[in-house]
Amino acid sequence: MFLKTKRVRRANRTYEYLSLVESVRVDGKNTHRTLFRLGEASALRETGELDRIIAALQAHAERRYVDVDQLEVDAAPMIGTMAAVRELWDDLDLQRLFDGIGAEAGCAFSLVDAVFAMLAGRLVDPASKRRTHRWIVEDVVAPDGFSFPSLDQYYRALDVVHEHKDVIERHVYARVCDLTNLQLTLACYDLTSTYLEGDPASHGRFPSKAFGHSRDHRSDRPQIVIGLLTSADGIPIAHHVFAGGTNDATTLKGVLEDLTARFAVGRICVVADRGLITDDNIAEVEGAKCDWLFATKLRRRTDVAAVLAEAANAGEGRWQEVERFSSSVLETTYDGRRYVVVFSSARERRDTARRLQLIAKIERQLLALEDRVRRGDLAEATKIAATAATILARSPVKRLFDVSDVADGRFVYDYNHEALAYDEQLAGHYVLATSLDPGVADAEQVLACYRSLQHVEQRFRVLKSSLGLRPIRHWTETRVRGHIALCVLAAVIESLIGKRLIEADLRDPDLDDQHLTAERAFEELDRIRQVTFTAGERTITAVTRRTGLQQQILAALDVDTRAWTRPQITS
């Protein structure tokens with residue numbers, strides 16, 4: 001059965017007559033039998049009869065149809081990034097985890113939805129909880145069955161996340177081990193700080209807020225210190241929050257105890273930077289039956305000075321080239337301890353240029369002080385000494401100058417030639433100390449283990465920039481700790497996404513020598529939208545066409561896009 005059009009020309013005008021016909025076979029021949037004559041097409045259109053016939057037939061059709069003239073664009077929320085986050089959420093089995101935690105905590109709201117919204121917000125569009133509350137409703141496609149928590153429920157969820165931090169980290173670590181075949185033989189540990197907005201005064205509801213050495217160069221703000229423990233490839237395992245004025249070296253003992261007790265790891269090597277090498281920390285690591293690899297402080301250590309002196313006098317035959325790190329390594333022992341000296345010509349050029357720049361800057365100020373004393377503008381010895389001390393206190397190379405020749409009307413400075421010679425010897429070098437046996441890791445492998453710390457530094461950069469750890473405007477300790485725990489959980493997902501993009505060998509289209517980062521992948525997925533149209537009483541949803549790169553990203557993350565293929569029409 002089909003619609004047949006018959007054209008008839010009369011008086012220089014063509015008429016179209018519509019009929020409903022069917023194909024039949026009569027006397028062995030195929031022919032058409034007219035079932036119903038609808039009439040002349042233009043007349044049917046003018047009276048609206050044709051549209052009424054079509055509408056009546058549509059009501060009985062399997063497919064659905066809309067009037068294009070009625071189409072209006074209603075919304076175009078993001079779906080690509082949310083689908084990627086949801087895939088990793090499911091891979092880490094976080095739905096079951098937070099459902100269980102919510103039940104245990106007696107939450108009268110959907111903890112799982114509040115956590116998902118805040119976690120997705122960190123990864124896709126970092127903002128305040130108030131902004132996230134609107135964002136999940138207005139800007140993105142939320143998962144099916146999502147309950148859309150109220151604003152106060154987001155804040156209450158932070159308290160629950162903080163209270164169950166240890167359970168969350170154990171669960172995530174177990175899932176990461178399953179997903180990546182992770183075997184924790186190398187644990188990288190480093191610290192950072194982050195400053196806090198609001199009232200700078202410490203109080204009973206936030207005792208950890210304190211002033212201290214700020215890695216963010218915000219000495220004007222109170223802060224807290226964050227210790228992060230990761231695997232060798234940078235996947236966060238656990239984090240710890242310390243008071244803002246905490247000395248780095250004092251944190252390792254508790255972190256190590258937690259690692260061995262909570263994660264049931266075997267013999268591992270703890271890798272840390274120079275702020276953590278103390279005899280007490282080494283004893284703690286060895287007492288836990290773990291190996292250690294620390295970068296050493298380069299000054300005021302007799303062992304390091306002796307090792308560097310030996311390296312300076314060593315022949316070229318003792319140095320080993322490590323091409324992948326553009327460095328050379330030399331292995332030695334001192335007082336029964338193993339050391340690896342590392343040298344990089346690029347680092348030497350950088351260290352030398354920086355030292356000369358700082359020396360020139362401080363010399364200009366000291367020469368200006370000499371001129372003031374010579375002119376008689378500054379005569380008293382105490383004032384001259386105080387001015388010189390102020391100049392030196394602001395410089396990281398004050399150790400290279402000797403200003404002991406100060407008297408009334410007299411000021412002469414000189415170099416500290418011994419310190420200058422040591423600084424010149426240091427240029428391009430750093431020293432690693434380790435308990436690793438040479439049979440387990442040779443000098444090149446020791447360097448590779450230490451370089452794994454750069455992944456922790458990368459996670460800190462991601463936390464503070466891509467994931468929006470700052471600014472922190474919560475004013476109670478539990479809320480701040482809950483916020484940090486959510487950001488670290490988001491960093492786990494970010495690192496897993498990055499790992500999958502590398503495994504799929506997806507390259508940045510703008511930087512072909514680099515793999516696509518999770519942040520760059522999210523920029524691409526942000527452009528995938530679910531567009532909603534309305535046409536009368538009908539609603540049509542359609543997902544925008546994916547580019548080749550977007551499809552590759554989705555495939556690398558194992559996101560199922562089969563439901564995106566065809567538009568969906570609902571009445």
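Student: Across which strands does helix α9 lie, and at about what angle does it run to β7?

Tutor: Let us begin with the basis of the reading. This is a predicted model, in which local features need pLDDT of at least 70 and side-chain atom pairs count only at pLDDT 80 or more, while totals for chains, interfaces and linings use all residues. Residues are numbered from 1 along each chain as its sequence is written, and side-chain values use heavy atoms, with hydrogens and water left out. Helices (H or I, at least four residues) and strands (E, at least two) are DSSP runs, numbered from the N terminus. Axes are lines fitted to C-alpha atoms, for helices over the stretch in contact, and angles run from 0 to 180 degrees between N-to-C directions; contact means heavy atoms within 4.5 Å. In this structure, α9 (residues 252–262) lies across β5 (186–195), β6, β7, β8 (269–272) and β9 (291–295), and its direction makes about 145° with β7. Helix α15 (residues 443–451) also packs on the sheet, where it touches β5, β8, β9, β10, β11 (327–334), β12 (337–343) and β15 (429–434). The direction of α15 is at about 100° to that of β15.

Student: In what order do the strands of the sheet stand?

Tutor: Two strands pair if DSSP finds at least two bridges between them. Here 9 strands form an open sheet with mixed pairing, in the order β7-β6-β5-β8-β9-β15-β12-β11-β10. Because β7 (236–243) and β10 (320–322) each have a single partner strand, they stand at the edges, and one side of each lacks a neighbour in the sheet. From one strand to the next, the twist averages 25°.

Student: How many bridges join β6 to β7?

Tutor: Strand β6 (residues 223–230) and β7 run antiparallel and are joined by 7 bridges. Opposite Thr230 stands Pro236 in β7.

Student: Through how many residues does the hairpin join β16 to β17?

Tutor: The hairpin between β16 and β17 passes through 2 residues. Strands β16 (residues 507–508) and β17 (residues 511–515) are antiparallel, with 2 bridges between them. Arg507 has His515 in β17 as its bridge partner.

Student: How many salt bridges does the structure hold?

Tutor: Side chains of opposite charge can pair when their charged atoms come close. A salt bridge is a side-chain nitrogen of Lys or Arg within 4 Å of a carboxyl oxygen of Asp or Glu, and the structure holds 42 of them. One of these joins Arg131 and Asp125 (3.8 Å, N to O); another joins Asp220 and Arg218 (2.8 Å, N to O).

Student: At roughly what angle do α16 and α17 cross?

Tutor: Two packed helices are described by the angle between their axes and the distance between the axes. For α16 (residues 453–464) and α17 (residues 477–503), the axes come within 10 Å and cross at roughly 115°.

Student: Which residues meet there?

Tutor: Arg459, Val462 and Leu463 in α16 meet Cys487, Val488, Ala491, Glu494 and Ser495 in α17. By class, this contact has 5 nonpolar, 1 polar and 2 charged residues, where Ala, Val, Leu, Ile, Met, Phe, Trp, Tyr, Cys and Pro count as nonpolar, Asp, Glu, Lys and Arg as charged, and the others, Gly among them, as polar.
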